[in-house]
Amino acid sequence: MNFEAIKSIYYFEMARTRRTLLQSVISPVISTSLYFIVFGAAVGSRIQEVEGVSYGAFITPGLIMLTLLGQCIGNGSFGIYFPKFTGTIYEILSAPVAMTEILIGYVGAAATKGLIIGVIILLTANLFVDVRIEHPFMMVLFFLLTAISFSLFGFMIGIWATNFEQLNLIPMLVVPPLTFLGGSFYSINMLPPFWQAVSHFNPVLYLVSGFRWSFYGIADVNPLVSLGMISLFLVICLSTLGWIFKTGYRLRN
C-alpha cells in the first residue's frame with residue numbers, strides 16, 4: 001500500500017476545501033440554519049411535537065443527512081471529474097499508484113469534508129433546538145457509513161459523467177427530492193397507508209430513520225433494517241467500482 005500517494009491525494013483535496021472555504025463550509029451551514037429558521041417558525045408553530053419530540057429537534061437528523069448526502073456526493077464526484085476534465089487523470093493513472101489507493105485518497109477526502117460539515121451543523125443545531133443523542137455509537141456508525149457510501153457513489157458519478165450537466169444531474173435532480181420525501185421533515189406515520197407503503201421504496205427513508213433513531217430512539221423503520229440497507233448500498237458501490245477499475249470504464253478511453 002502506497003501511503004504517500006494516498007496522503008498526497010487526500011491532502012490535495014482537503015487543500016481545495018480550504019481555498020474555497022466560503023463555498024465548501026460556510027454556505028451549507030447558512031443554508032441549513034435557514035431551514036431551522038423557516039421550518040421552525042412556519043411549520044413548528046403548527047406542529048409542536050412529533051412522537052414526543054419537538055418539531056425543530058425532530059428535523060435535525062434529517063437536515064444533517066440532507067447536507068451530508070449532498071456534500072459527500074458533490075465532493076466525491078467533483079474530485080475525480082475535474083482531473084478528467086483537465087486531462088491530469090492520465091498523470092495519475094500512469095503513476096505507480098494502484099486504483100485502490102486513488103479511491104481511498106479521493107473518497108477519504110470527500111467523506112472527511114462531509115463529516116466536518118455534518119458535525120458543524122450538529123453543533124449549529126444546538127443554537128436553535130435542544131438536541132440529544134441517545135445512542136452515540138450508532139449515531140457515529142450511521143454517520144460514517146453514510147459518508148463513505150455516498151462519497152463512493154459520488155466517485156462513481158464523477159467517473160460516469162462526461163460533462164458538467166451530467167455531473168450535477170443526480171446531486172441536483174435526484175437526491176434532494178428523495179431526501180425531502182424520505183421523512184426528513186415528517187414521520188411517514190403521518191401519511192395515509194398507501195403513501196406509507198410507497199415511502200418504503202425510497203432508500204433515503206432508511207438513512208434518515210436510522211439516524212433519527214440514534215438521536216431520539218424513534219424510527220419509521222427498524223434500525224437494524226436501516227443499518228442493513230446502508231451496508232448493502234456500500235457493498236453495491238464497492239462492487240461497481242471494482243468492475244469500473246477492472247474494465248477501465250471511462251477512465252482509460
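How many salt bridges does a search of the whole structure find? The search turns up four, where a salt bridge is a side-chain nitrogen of Lys or Arg within 4 Å of a carboxyl oxygen of Asp or Glu. The model here is a predicted one, so local features need pLDDT of at least 70 and side-chain atom pairs count only at pLDDT 80 or more, while totals for chains, interfaces and linings use all residues. Residues are numbered from 1 along each chain as its sequence is written, and side-chain values use heavy atoms, with hydrogens and water left out.

Helices are DSSP runs (H or I, at least four residues), as strands are (E, at least two), and the numbering goes from the N terminus. Helix α1 covers residues 3-19 and holds both E4 and K7, which sit three residues apart, about one turn of the helix. These two form a salt bridge, with 3.4 Å between the closest N and O atoms. K7 counts as partly exposed, at 34% relative accessibility; on this scale buried means under 20% relative accessible area, exposed means over 50%, and partly exposed is in between (1.4 Å probe, protein chains only).

Further along α1 come E13 and R16, again three residues apart, about one turn of the helix. Their side chains meet in a salt bridge at 2.5 Å, N to O. Is E13 buried or exposed? E13 is buried, with a relative accessible area of 3%, and R16 counts as buried too, at 18%. Elsewhere, R132 pairs with E134 in a salt bridge, the closest N and O atoms being 3.1 Å apart. Here E134 is partly exposed at 39%, and R132 is partly exposed at 39% as well.

Grid points are joined across faces, edges and corners, and a volume is the space filled by probe spheres set on the points. The count comes to one cavity of 30 Å³ or more. The largest cavity holds about 30 Å³ of space, and its lining consists of I80, I89, L93, M99, I102, F155, I159 and L251. By class, that lining has eight nonpolar, no polar and no charged residues (Ala, Val, Leu, Ile, Met, Phe, Trp, Tyr, Cys and Pro count as nonpolar, Asp, Glu, Lys and Arg as charged, and the others, Gly among them, as polar). Helices α4 (89-94), α5 (99-125) and α6 (136-160) each supply at least two of the lining residues.

The largest pocket contains about 870 Å³ of space. Its lining takes in 28 residues, and Q23, G70, Q71, G74 and M172 lie nearest the centre. Which helix gives the most to this lining? That is α3, with nine residues. By class, the pocket lining has twelve nonpolar, 14 polar and two charged residues.

How values were computed. 1 Å grid on protein atoms, 1.4 Å probe; cavity = no way out; pocket = protein on both sides within 12 Å on 5 of 7 lines; lining within 4 Å.
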